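Open the model in your viewer and keep the sequence panel beside it. Each stop below says what to select and what is there.

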Amino acid sequence: MVAFEHPHPHGTLAPTAHLELPFFDDAHRALANGLVAWAREQHVDESDDRAACKAWVQRLGAAGWLRYCVPEAHGGALPALDSRALVILRETLAFHSPLADFAFAMQGLGSGAITLGGTPAQQSRYLRAVATGEKIAAFALSEPEAGSDVAAMALRATPTANGWQLNGQKTWISNGGMADFYVVFAKTDPDAGARGISAFIVDADAPSLDASAHIQVMAPHPLATLTFSGCSIGQDALVGPVNGGFKLAMQTLDIFRASVAAAALGMARRAFAEAVAHAKTRKMFGQTLADFQLTQAKLGEMGALIDAAALLTYRAAWMRDRSASSGAGTPAYTAAAASAKLTATENAQKVIDMALQMFGGRGVQVGNVIEHLYRDIRSLRIYEGASEVQLLILGKHALKA
């Protein structure tokens, strides 16, 4: 299918009233307005998810939007990664095309560890190419038996005379099989749990790396299993200190967790816009669907769920930027990000389900925007920390208070 057609003119098209909230400044407002105008004009054939993702990366890079994925010193738009900018970008892109959002997000997530802990040479080689769309990035953390339990990973990095050798697998890797490089997390001290993990940059053409096992999912996205069979990489592939990979992975995920909430928020806003437009035009029993009080109540509930998610999402992004500027992360931010990710993804699932119900049979027709959103939203409740993991984070934070 092609990228989502624009919603009915009676719908709520990418509302911007939230930009007046004190979480944002004038630069964020200008960013949002420019992105909305650009996104409205983009039409990408998404029938082939891999080709579409490559096309989106090229377009996002050419238009300068990928510059928000890296710091200014390496071709970025801002001095440092800015969570509020990431939230605005992902919410807007997800409203127009979840696949465009996916393409954008993976550039930032896949290069995040290099931004945070890479050497100047690594940053110079990869980050500018990420910002222009010249190189496609990927973040390789999950394994067949190590998803939420990162410390259980089995991929082994063994030191050699010239660098390192990797043996094992990664799976559910976004951009797998089409990325130009992977930031791969592997055990360098098998007996040290999370404290024995290191991060490495592995170019896609590295010998003995097989990324051909593509994974098909309900909402088409380019995913693959990576198999490392004695894959040799140089000493300069190590990102950050030996056994410092877990910290790098968590710091990267922390930066982008609020943006996952924003992606869910964008999808929920789109479903809401479609539902409002449908309710105003659908004729039933001599009146429109919008004339029924039950419809009005459902729309009211959907709006409240979106507002609750939005406020938590923007608060988390604001807190992250504030803590980053002070030079220290805080447990309060980690909890805020967990709350945003949990609430936004769960609420978006509810909103999209209610919108689908309002569309009736049309809602489950393949190719309908709502049907597509219904499949797209489901994975957001799992990846980058499942809802259950966010609940654990919040519970532990409450007990420490």
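Which side chain does a polar contact of 3.0 Å join to that of Asp203? Select Asp203 and Arg125: their side chains make this contact. A polar contact is a pair of N or O atoms within 3.5 Å; within protein, one must be able to donate a hydrogen and the other to accept it, and residues adjacent in sequence count only if both atoms are side-chain atoms.

This is a predicted model, in which local features need pLDDT of at least 70 and side-chain atom pairs count only at pLDDT 80 or more, while totals for chains, interfaces and linings use all residues. Residues are numbered from 1 along each chain as its sequence is written, and side-chain values use heavy atoms, with hydrogens and water left out.

Stay at Asp203, which belongs to strand E5 (residues 197-203). Helices (H or I, at least four residues) and strands (E, at least two) are DSSP runs, numbered from the N terminus. Beyond neighbours within four places in sequence, Asp203 has contacts (heavy atoms within 4.5 Å) with Arg125, Tyr126, Asp180, Phe181 and Leu209.

Next, select Arg270 and Glu274. They form a salt bridge, with the closest N and O atoms 2.9 Å apart. A salt bridge is a side-chain nitrogen of Lys or Arg within 4 Å of a carboxyl oxygen of Asp or Glu; the count here is 14. Because Arg270 and Glu274 are four residues apart in helix H6 (residues 245-281), about one helical turn separates them. Both residues are buried, where buried means under 20% relative accessible area, exposed over 50%, and partly exposed in between (1.4 Å probe, protein chains only).

Move to Arg320 and Asp321, another salt bridge, at 3.5 Å from N to O. These two residues are also buried.

Now select the largest nonpolar core, which has 127 residues. Such a core is a set of buried Ala, Val, Leu, Ile, Met, Phe, Trp, Tyr and Cys residues joined through side-chain atoms within 4.5 Å. Among the residues with the most contacts inside it are Leu60, Val202 and Phe228. H6 gives the most to this core, with 19 residues.

Finally, colour by pLDDT, the predictor's confidence in each residue, from 0 to 100. The mean is 92, and 95% of residues reach 70 or more. Over residues 6-14 the pLDDT is below 50. Where pLDDT is low, the predicted coordinates should not be read in detail.
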